[in-house]
Amino acid sequence: MEFLEDANRRRVAAFGYHAGYAGAALALENWAWQLQHVDTPLPGKKPYNTQHDLVQEVKTDVAAGVAKNDGKAPQILIIGALGRCGRGAIDLCLAAGIPESNLLRWDLAETSAKAGPYPEIRESDIFINCIYLDKPIPKFVTEDFLKEDPSSRKLSVVCDVSCDTTNPHNPIPFCNKPTYFDKPTVTVEGFSNPPLSYITIDHLPSLLPREASEAFSDALLPSLLELPNADKAPVWQEARKLFQKKLATLPTSQNHNKNS
């Protein structure tokens, strides 16, 4: 269903918004947690009954982190800020009380203007990656780059919402292992004051099962209602074209079985 696209080649239904929302929540909680528990990883998380419950918990944790951080809220860089994931990440940050001035919103214009690695990532407290990776791109940040100028490094949390851990073009090479809700972070060895850890959970929307499911259903429903007229509905016409295109790549025997 996530391959259904509208006339603008945009998916009609996707979980991206809530992936970004949940990822940003965990990133903020991890930032606050590390300030108060330097040698202990962030505890596991379970799905929240409501989005409100999640936001209230993050607000409380961020307030404690800000108090520990001499009254300073974290600086957060979001790459892919104009997409679904990025919008979700921004909305969570604002709901949690992060000042607008602390959010650095990047998208293609910024990453195309110069090649990475980017000092702006190193100088932020939190980096949230929300891009859609479909081709080789310059690295956003590497361990070696972070170690080149340790005095300028504020970065302590990376949340890779895109979660391209096994992709050879991964722009964050040290984010190379999946994490899970029962153990949401991995500590990157060789970094201290501040420590560095990352989050790479590939099923983030399930942290908010109710809201994520309702949003996906609402987005999908108009297309489902067009099914009786699938031969004329653009969404289903394009879906059939995609199906036939992929079908043609199968060996002849499998292709025949699919058509029979």
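**Rings, loops and a kinked helix**

Let's start with the aromatic rings: the count comes to six aromatic pairs, where rings of Phe, Tyr and Trp (its six-membered ring) pair up if their centres lie within 6.5 Å. One of them is W106 with Y118, an edge-to-face pair with 5.1 Å from centre to centre and 85° between the planes. Edge-to-face is the label for planes over 60 degrees apart, while under 30 degrees counts as stacked and the rest as tilted. W106 sits in strand β2 (residues 103-106) and Y118 in the loop between α4 (108-113) and α5 (119-122), so this pair connects distant parts of the chain, 12 residues apart. Helices here are DSSP runs of H or I with at least four residues, strands are runs of E with at least two, and both are numbered from the N terminus.

A quick word on what you're looking at: this is a predicted model, where local features need pLDDT of at least 70 and side-chain atom pairs count only at pLDDT 80 or more, while totals for chains, interfaces and linings use all residues. Residues are numbered from 1 along each chain as its sequence is written, and side-chain values use heavy atoms, with hydrogens and water left out.

The cut-offs are simple: buried means under 20% relative accessible area, exposed means over 50%, and partly exposed lies in between (1.4 Å probe, protein chains only).

Next come F127 and F140, whose ring centres are 6.3 Å apart with planes at 75°, so this pair is edge-to-face. F127 belongs to strand β3 (residues 126-129) and F140 to the loop between β3 and α6, so the pair ties together parts 13 residues apart in sequence. F127 is buried at 0%, and F140 is buried at 4%.

R122 lies over the face of F145, 4.1 Å from the ring centre; for a charge to sit over a ring, NZ of Lys or CZ of Arg must be within 6 Å of the ring centre and within 35 degrees of the ring normal. The side chain of R122 also makes a polar contact of 3.2 Å with that of S152. A polar contact is a pair of N or O atoms within 3.5 Å; within protein, one must be able to donate a hydrogen and the other to accept it, and residues adjacent in sequence count only if both atoms are side-chain atoms. S152 itself is in the loop between α6 (143-148) and β4 (157-160), and it counts as buried because its relative accessibility is 18%.

Another loop, between β4 and β5 (186-187), holds N170. N170 is buried, with a relative accessible area of 4%. Which backbone oxygens does its side chain reach? The side chain of N170 reaches the backbone oxygen of D164 at 3.3 Å, and one of its polar atoms lies 3.1 Å from the backbone oxygen of C175. Leaving aside neighbours within four places in sequence, N170 is in contact (heavy atoms within 4.5 Å) with residues including L133, K139 and D160.

Now for helix α7 (residues 209-224). Its 16 residues reach 21 Å from first C-alpha to last, close to the 22 Å expected at 1.5 Å a residue; the expected span is 1.5 Å times one less than the number of residues. There is a kink of about 25° at D218, shortly before the proline P222, where the bend is the angle between axes fitted to the seven residues ending at a residue and the seven starting there. E211, A212, F216, L220 and S223 are buried in α7, and the buried residues of this helix pack against α1 (16-36), α2 (51-68) and α8 (234-247).

The peptide bond from G116 to P117 is cis, with omega near 0°, and P117 is in the loop between α4 and α5. Another cis peptide bond joins N193 and P194, with omega about 5°. N193 has a positive phi as well, near 50°, in a residue other than glycine. N193 lies in the loop between β5 and β6, and it counts as exposed because its relative accessibility is 76%.
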